[in-house]
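Reader: Please take a close look at one helix of this protein and at what surrounds it. Start with the protein as a whole, then go to the part.

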Amino acid sequence: MPRQDPPGPPRPGPPPRAVCVGESMAALLPDRPGPLEAVENFRLSVGGAESNVAGALAALGVPTAWISRVDDDGFGRRLLAELTARGVDVSAVTVDPHRPTGLYLKEVGGDTGHRHDLGPGRSRLHYHRRGSAAAALSPALLTDPAAATLLAGARLLHLSGITAALSDDCLALLRTLLADRRPGRLVSFDLNWRPALWRDRDQAELPPEPVVAALLDASPADWAATRVSAEGITSPALPAEDGSGARADRARAR
């Protein structure tokens, strides 16, 4: 069994009010346009839909945590270091020494004349994430004390459709989190439809319409009115804090 090795204690300050769950990867970015075989050097970076949201929320002054899994390798340590530097709580990230951190390479087209050049203005991402540490996310996450504490205190939970595409276990986790409707908690769901990730899986597992129907129990106008700022997460669609489940005219996650 992979060990659980949290990167460290929670960050000092107020507890996270927003929690983002999903995979992030190391990214290798070319130093010049052209096919990969013609690139001499790559710059190491990191990327991931949910961790990008976590970083943006933290920059706005909203205490935020990111929950995921990474390998005990340089790429995993780079991910954790960058997110920590951006003010994101990573105390509930699992370090799994038996599965790699996901990786992608970016290919940028140019006018090199090479027969495999994508051409100006075009780019392509090459993913190496099958069997990654994050692909082992599952409903068992909810029994982890660090993750359970963060999720219980979250006024905003951010998820994406990418997680559902990674594995059956990830899909089960997503469904469990979506089914756990809690008064006073706003769920943010980015469909982020990536057909390439579903190439070897049943694309009917996550049709957009049922997901949207389950989440949007308020009108689209209400959800469009949601605002995020240093003062908190404000939405007229957010249930009242009294636990009644009735919509409040103005509710905040601070």
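Author: The protein has an accessible surface of about 12,400 Å², and 53% of that belongs to carbon and sulfur atoms; such areas come from the Shrake-Rupley method with a 1.4 Å probe, and for residues only the protein chains shown count as cover. This is a predicted model, in which local features need pLDDT of at least 70, side-chain atom pairs count only at pLDDT 80 or more, and totals for chains, interfaces and linings use all residues. Residues are numbered from 1 along each chain as its sequence is written, and side-chain values use heavy atoms, with hydrogens and water left out.

There are 7 helices and 13 strands, taken as DSSP runs numbered from the N terminus (helices H or I, at least four residues; strands E, at least two). Of the 254 residues, 47% are buried (under 20% relative accessible area; exposed is over 50%, partly exposed in between; 1.4 Å probe, protein chains only).

An open sheet of 4 strands has the order S4-S1-S9-S10, with parallel pairing (two strands pair if DSSP finds at least two bridges between them). Its edge strands, S4 and S10 (186-190), each pair on one side only. S1 and S4 pair over 4 bridges, and Val19 has Ala65 in S4 as its bridge partner.
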